[in-house]
Amino acid sequence: MNNILALDFGGTSIKYGLYDSKGDLIGTEDSLQIERYISLSEILKNIEKIIKHYRKIDGIAIAMPGNINSKEGIISQISAIPCFNNINLKHTLNEIYNLPVAIENDANCATLAEFWIGNGNECSNIAVITIGTGIGGGIIINKELYHGSHNFSGEFGIMITKPIGHSTYTSYGYNSSIQLIKRAAKIDENIKNGEDFFENLHREEIKNLYDEWIHGLSMGIFNIGISLDPDKILIGGGVSSRQIIYPEIKKYLDSFSNFKYHFVVEPCLFFNNSGKIGAVYNLLKQEGIVK
């Protein structure tokens with residue numbers, strides 16, 4: 001199986017590319033813009049358009065947001081793309097194209113990519129934290145992706161990290177990149193993205209916000225680390241390429257507990273392509289081609 005079509009669905013686009021069984025890109029990659037409330041029939045037409053772009057395809061590997069039963073291929077009611085709710089996309093595409101199809105949650109795919117050929121490839125246990133619009137992640141235990149009892153593992157952004165009162169609280173998702181930029185924009189409306197934010201770290205108000213963010217981010221990393229005791233905790237998302245954050249995270253982890261020697265925190269190797277690469281591994285594993 002050396003011509004695997006990888007599709008990475010987001011709320012506004014489908015990223016795609018052709019990969020071989022080693023996870024290397026062998027065909028052109030691109031993306032198609034889609035509407036969040038697109039119909040299933042339009043999605044299938046877009047997939048058909050992508051498939052026609054390639055001469056030969058041996059299988060279809062899919063990464064997408066939402067609660068997914070990867071074994072059955074069923075997407076639950078909390079998909080970011082509403083037309084997929086309660087749809088067995090795996091069965092649908094298998095019937096249309098008579099090809100092997102595998103579907104997995106996008107953060108889980110990012111985790112699989114790191115475990116397979118990324119910065120977790122020599123580990124038995126890893127946790128991946130993806131930081132972007134929200135905070136998600138995935139968990140590898142004893143070299144296997146851990147799904148939990150309800151296919152909900154790795155939803156780190158829903159953790160409660162800061163109780164405010166008896167009925168209100170702050171979730172770990174408050175430390176996402178988008179939330180950080182929103183808070184910075186209240187200080188300076190010209191700060192519109194991560195690049196703007198880090199260029200303004202010399203300003204006291206922005207530096208204070210950055211310190212608060214790193215502290216909150218580190219708290220979640222500590223809780224994940226102390227609960228799972230992984231070989232590594234890997235950080236994904238655009239902010240993970242900022243090397244400045246890792247000494248700061250280590251400083252806070254060291255201050256939280258004397259168990260600091262357990263924590264190895266590193267950036268993910270893959271960024272935008274992690275979902276596609278992990279989806280390819282998921283298909284290869286499903287078909288018994290890799291262990």
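In which sense do strand S8 and strand S13 pair, and over how many bridges? Strand S8 (residues 126–131) and strand S13 (residues 232–236) run parallel to each other, with five bridges between them; two strands pair if DSSP finds at least two bridges between them. This is a predicted model, where local features need pLDDT of at least 70 and side-chain atom pairs count only at pLDDT 80 or more, while totals for chains, interfaces and linings use all residues. Residues are numbered from 1 along each chain as its sequence is written, and side-chain values use heavy atoms, with hydrogens and water left out.

**The sheet and its helix**

- S8 and S13 belong to an open sheet of five strands with mixed pairing, in the order S10-S9-S8-S13-S14; strands (E, at least two residues) and helices (H or I, at least four) are DSSP runs, numbered from the N terminus.
- Strand S10 (144–145) and strand S14 (265–267) stand at the edges with a single partner strand each, so one side of each has no neighbour in the sheet.
- Within the S8 and S13 pairing, Ile126 stands opposite Lys232.
- Helix H7 (residues 245–256) lies across S13 and S14 and runs at about 160 degrees to S14; axes are lines fitted to C-alpha atoms, for helices over the stretch in contact, and angles run from 0 to 180 degrees between N-to-C directions.

**Loops beside the sheet**

- Asn125 sits in the loop between helix H3 (106–117) and S8.
- Beyond its neighbours within four places in sequence, Asn125 is in contact (heavy atoms within 4.5 Å) with Ile140, Ile141, Asn142, Pro230, Asp231 and Lys232.
- A polar atom of the Asn125 side chain lies 2.7 Å from the backbone nitrogen of Asn142.
- Asn142 is found in the loop between strand S9 (135–141) and S10, and has a positive phi of about 50 degrees although it is not a glycine.
- Asn142 counts as exposed, at 59% relative accessibility; exposed means over 50% relative accessible area, buried under 20% and partly exposed in between (1.4 Å probe, protein chains only).
- Asp229, in the loop between H6 and S13, also has a positive phi of about 50 degrees without being a glycine, and is partly exposed at 47%.

**Aromatic rings and charges**

- There are 10 aromatic pairs in the structure; rings of Phe, Tyr and Trp (its six-membered ring) pair if their centres lie within 6.5 Å, with planes under 30 degrees apart counted as stacked, over 60 as edge-to-face and the rest as tilted.
- One of them is the edge-to-face pair of Phe197 and Phe198, at 5.4 Å centre to centre and 85 degrees between the planes; both residues are buried.
- The ring centres of Phe222 and Phe256 are 5.7 Å apart and their planes are at 75 degrees, so this pair is edge-to-face.
- Phe222 lies in helix H6 (residues 204–228) and Phe256 in helix H7, so the pair ties together parts 34 residues apart in sequence.
- Phe222 is buried at 15% relative accessibility, whereas Phe256 is partly exposed at 29%.
- Phe197, Phe198, Tyr210 and Trp213 make up one aromatic cluster.
- The charged end of Arg183 sits over the ring of Tyr174, 3.8 Å from its centre; for this, NZ of Lys or CZ of Arg must be within 6 Å of the ring centre and within 35 degrees of the ring normal.
- Lys251 lies over the face of Tyr252, 5.1 Å from the ring centre.

Definitions and conventions: A polar contact is a pair of N or O atoms within 3.5 Å; within protein, one must be able to donate a hydrogen and the other to accept it, and residues adjacent in sequence count only if both atoms are side-chain atoms.
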